[in-house]
Amino acid sequence: MNPHQCAAAIILLFLASPEALARKWTDSSGNFSVEAELVDFTGEAVRLRKPDGTIIAVPFARLSKADREFLTGGSGLARRARRVLQQYCHSCHGQDGADEGGMNYVLNLKRLVDAEKVVPGEPTGSILLERMLDREMPPEDAERQPTDSDIAVIEEWIRSGAPAFEAPTDRKFLGNDDIVRYVAADVNSAPERDRPYYRYFTITHLHNGGVSDDELQTFRLALAKLLNSLSWERELVHPKPVDPAETVFRVDVRDMRWSTRHWDLIVAVYAYGVRQVSSEANLLYRALGTPVPWIRADWFAAVASRPPLYHGLLDMPDSLAGLESQLKIDLERNVRQDRAARAGFANSGISVNPRIIERHKTSDGACWISRDFSGSAGRRNFFNHPLDFEADGGEVIFSLPNGLQAYLLVNAEGQRIDQAPTSIVKDPETIDGAVTNGVSCMRCHAGGIIPKDDEVRRSVAANARVFADVLPTINALYQERGQFQELVDEDRGRFVAALQKLGITRFSSSGEPIHNTSRRFREPLDVRLASAELGLPVDQFKIELERRPSLQRVLGPLRVPNGVVHREAFEEAFGGVVDVLPGVRHHPPTAAIAAATSSAGVASSASQATGKGLLHHWRFDETKGDIARDSAGRNNVLLT
């Protein structure tokens, strides 16, 4: 019987992988065959999709010996395992950049092994299978749950050595010259007066390094969120891809209210600056007015999401009083005038001791301040002193004009600090437990303000007689649960709506894209990613490494199978490697991060690297918004 007639066409229950392969299937007699794509294999039958989209079911026993071996062998087994993961796990771990638990690679079977989520040959030691067996993954509220036979496929795959399924890819390697070409085309198509404001971010090295499409999308989301988290403009910024693979993105710095100073802060500490030595590249650098017009997006996420660059790019005041002035609010007056709302509670999840959170309305939304304590006795006990407590520091969360949030940590005196003392608050995601301004707050508040129930008002009500003289003031400040929740919902709604406009649809702390991208950036590099970061195909990089003993001292581990180098060591060696490669030169950082973002600022990296004249290419009167020109209307005029 023709395999086409073995079963009626059935409805496709789930989408086939975009990486699935069509192949020729033959029946056991060898008389009938069909070109089709594997959809599913249950052990009893295989479901195939023909080129016209028709789904057919063929009993396993009626397939040829070669087809049966294909299904039960490593390649077929990997496909079956991948389809189970796609059906039940992909929505949280990769789809549309979702990165729950920092695991946006659930369809990348090799990376599951590399990340030790799966131990080949050891089902009982594989956390992925354990979570499925314990029904922890997918979570109970998931729309679909795997069947026992689905889980058995994963167990069989792991027991068989967890073979990988490497789908063919038509990815073209994109070198440094390709970046120049794409950026040049974009710049040349732009109005002349706009060009000095164009800057670019890249994930080209990740594309070349074999990072999966799902993982690349997480990097794109992290870039979009971070840029908008560093913007004082009301409209959201959507980085525009300028290449077909969507690995090079353009932004107009005016859209974030940045100036040359802000870009110079970045360039001054950027360790991965590479200048292409060509006439086309030189013209491009002059047109943009900087020797480093593009920055790696993953480096940016890791460095600009934490002090001091985070503070520098946001023009963050160095004190709570300075922020009040910037936001045009008066915290003490708001409290006196019943224009603030508080909630106090014994356990917050991050504070070591009881905590108070306090909301103040701003023109862009709200400013929230936590009052944190190093103890809970004396005036640190706000249940006893709800109006005149003494706090030891706090976290400030305030709305940006575009709906996203910015963060500030302060000490007892209201001075800005980079990290909070672990004796007061702790971040469970860091080795030392330190809460770092920016990145730690972004992770914790991935969905906005965290709802909390006030316990002070109830405590006071239960002991109203001893608080009789201040009871009206306490009740005005510590609002009823419903009133307070409305304020939280309003601010969360504003924040979530902004994220959704950027394409971010999941809001859990374990899946926050900036934090996860930052953590991923700091992981060790294998030979494929290291070569990609240098702009070289793997084979060419290995040749260069073989030819140059001086590089082997630092990058020698990459010559060993499965060897890696740590990020710090690679970064230290980066400039020396680049400078011996043909056609490129390293543009080294000109300052340590702390020095670059100090109040004194930095000298223009453009003038330091490419000559005095370029300093003025972006030198314009910001009050008039006019670029300096000569009598012929040309930019790039040497004014001194």
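What follows is a dialogue on how features of this predicted model are named.

Guide: This is a predicted model, where local features need pLDDT of at least 70, side-chain atom pairs count only at pLDDT 80 or more, and totals for chains, interfaces and linings use all residues. Residues are numbered from 1 along each chain as its sequence is written, and side-chain values use heavy atoms, without hydrogens and water.

Visitor: Why are β14 and β15 called paired?

Guide: Two strands pair if DSSP finds at least two bridges between them. Strand β14 (residues 405-411) and β15 have two bridges, in the antiparallel sense. Within this pairing, Leu409 stands opposite Ile417 in β15. Strands here are DSSP runs of E, at least two residues; helices are runs of H or I, at least four; both are numbered from the N terminus.

Visitor: What makes β10 and β15 edge strands?

Guide: The open sheet has six strands in the order β10-β11-β12-β13-β14-β15, with antiparallel pairing. β10 (340-345) and β15 (416-417) each pair on one side only.

Visitor: How do you know that helix α13 packs on the sheet?

Guide: Contact means heavy atoms within 4.5 Å. Helix α13 (residues 320-327) touches β11, β12, β13 and β14. Its direction makes about 15° with that of β13. Axes are lines fitted to C-alpha atoms, for helices over the stretch in contact, and angles run from 0 to 180 degrees between N-to-C directions. Helix α18 (residues 481-501) lies across β10, β11, β12, β13 and β14, at about 115° to β12.

Visitor: Why is Arg342 called buried?

Guide: Buried means under 20% relative accessible area, exposed over 50%, and partly exposed in between (1.4 Å probe, protein chains only). Arg342 has 6%, so Arg342 is buried. The residue lies in strand β10.

Visitor: What makes the link between Arg342 and Glu358 a polar contact?

Guide: A polar contact is a pair of N or O atoms within 3.5 Å; within protein, one must be able to donate a hydrogen and the other to accept it, and residues adjacent in sequence count only if both atoms are side-chain atoms. The side chains of Arg342 and Glu358 are joined at 2.5 Å.

Visitor: What makes the span of α6 close to the expected one?

Guide: The expected span is 1.5 Å times one less than the number of residues. Helix α6 (residues 176-188) has 13 residues and reaches 18 Å from its first C-alpha to its last, close to the 18 Å expected.

Visitor: Why is the pair of Tyr272 and Phe574 called edge-to-face?

Guide: Rings of Phe, Tyr and Trp (its six-membered ring) pair if their centres lie within 6.5 Å; planes under 30 degrees apart count as stacked, over 60 as edge-to-face and the rest as tilted. The structure holds 13 aromatic pairs. In this one the centres are 4.9 Å apart and the planes at 70°, so the pair is edge-to-face. Tyr272 lies in the loop between α9 and β8 and Phe574 in helix α23, so the pair ties together parts 302 residues apart in sequence.

Visitor: What makes Trp368 and Phe484 an edge-to-face pair?

Guide: Their centres are 5.7 Å apart, with 90° between the planes. Trp368 is buried, and so is Phe484.
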